[in-house]
Amino acid sequence: MKRLFILLALGLATVTMSAQDLRNSSNAYVGKIESDGTVRNGSNSCIGKIDRDGTIRNSSNSSIGKIDSDGTIRNQSNSSIGKVESDGTVRKNGSSVGKIDSDGTVRNGSNSTIGYAKGVPVRYAAVFFFFDFFKR
């Protein structure tokens, strides 16, 4: 039992610590989120970072927002600008603007596929696709 737990823990660490590609609806590469939270655009330039505590930083490493533990997304002034619910639904001003499915498919409010973020933490994918922290 102890060995199984250790193997599971190592497996989870591997999954969550690898860089994952972000793709648009045509499956073209638009960026990635690296294991340390660095966010890169389609040209592989650093456009920001999401720290382990949820702090969202721009390319100059200045704090520009935050992801709270309950999924609330906050801007630089600490005002709530949206939320990512546990089922992947993304809300702005209380209205659903999209959803990130468990397989990483990113959908807009009309349920059309706008991108893919397989293996990317849902909250990080939501910040990339639905909020304007990282101008692409």
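This is a predicted model: local features need pLDDT of at least 70, side-chain atom pairs count only at pLDDT 80 or more; totals for chains, interfaces and linings use all residues.
Trainee: What makes up the secondary structure of the chain, and in which order do the elements run?

Mentor: The chain comes to two helices and 12 strands, and from the N terminus on the order is α-β-β-β-β-β-β-β-β-β-β-β-β-α.

Trainee: Why is Asn41 called buried?

Mentor: Asn41 has a relative accessibility of 18%, and buried means under 20%, so Asn41 counts as buried. Asn41 is found in strand E3, residues 38–41.

Trainee: What does the side chain of Asn41 reach, and how do you know that these are polar contacts?

Mentor: A polar atom of the Asn41 side chain lies 2.9 Å from the backbone nitrogen of Ser43, and the side chain also reaches the backbone nitrogen of Ser45 at 2.9 Å. Because the cut-off for a pair of N or O atoms is 3.5 Å, the value of 2.9 Å falls within it for Ser43 and likewise for Ser45. Leaving aside neighbours within four places in sequence, Asn41 is in contact with Tyr29, Val30, Gly31 and Ile47.

Trainee: Why is the pair of Phe128 and Phe129 called edge-to-face?

Mentor: A search of the whole structure finds one aromatic pair, which is formed by Phe128 and Phe129, with 5.2 Å centre to centre and 75° between the planes.

Trainee: What makes Lys92 a charge over a ring?

Mentor: Lys92 lies over the face of Phe131 at 5.1 Å from the ring centre, and that distance is within the 6 Å which the term requires.

Trainee: How do you know that helix H2 is mostly covered?

Mentor: In H2, residues 122–130, seven of the nine residues are buried, namely Tyr124, Ala125, Ala126, Val127, Phe128, Phe129 and Phe130. For the chain, buried residues make up 35% of the 136 residues.

Trainee: Which residues touch the most other members of the largest nonpolar core, and which element gives the most to it?

Mentor: That core has 26 residues, of which Leu22, Phe128, Phe130, Phe133 and Phe134 touch the most other members. Strand E2 (29–33), strand E4 (46–50), strand E6 (63–67) and H2 each supply at least two residues, and H2 gives the most, with seven.

Key:
Residues are numbered from 1 along each chain as its sequence is written. Side-chain values use heavy atoms; hydrogens and water are left out. Buried means under 20% relative accessible area, exposed over 50%, partly exposed in between (1.4 Å probe, protein chains only). Helices (H or I, at least four residues) and strands (E, at least two) are DSSP runs, numbered from the N terminus. A nonpolar core is a set of buried Ala, Val, Leu, Ile, Met, Phe, Trp, Tyr and Cys residues joined through side-chain atoms within 4.5 Å. A polar contact is a pair of N or O atoms within 3.5 Å; within protein, one must be able to donate a hydrogen and the other to accept it, and residues adjacent in sequence count only if both atoms are side-chain atoms. Contact means heavy atoms within 4.5 Å. Rings of Phe, Tyr and Trp (its six-membered ring) pair if their centres lie within 6.5 Å; planes under 30 degrees apart count as stacked, over 60 as edge-to-face and the rest as tilted. A charge sits over a ring if NZ of Lys or CZ of Arg is within 6 Å of the ring centre and within 35 degrees of the ring normal.
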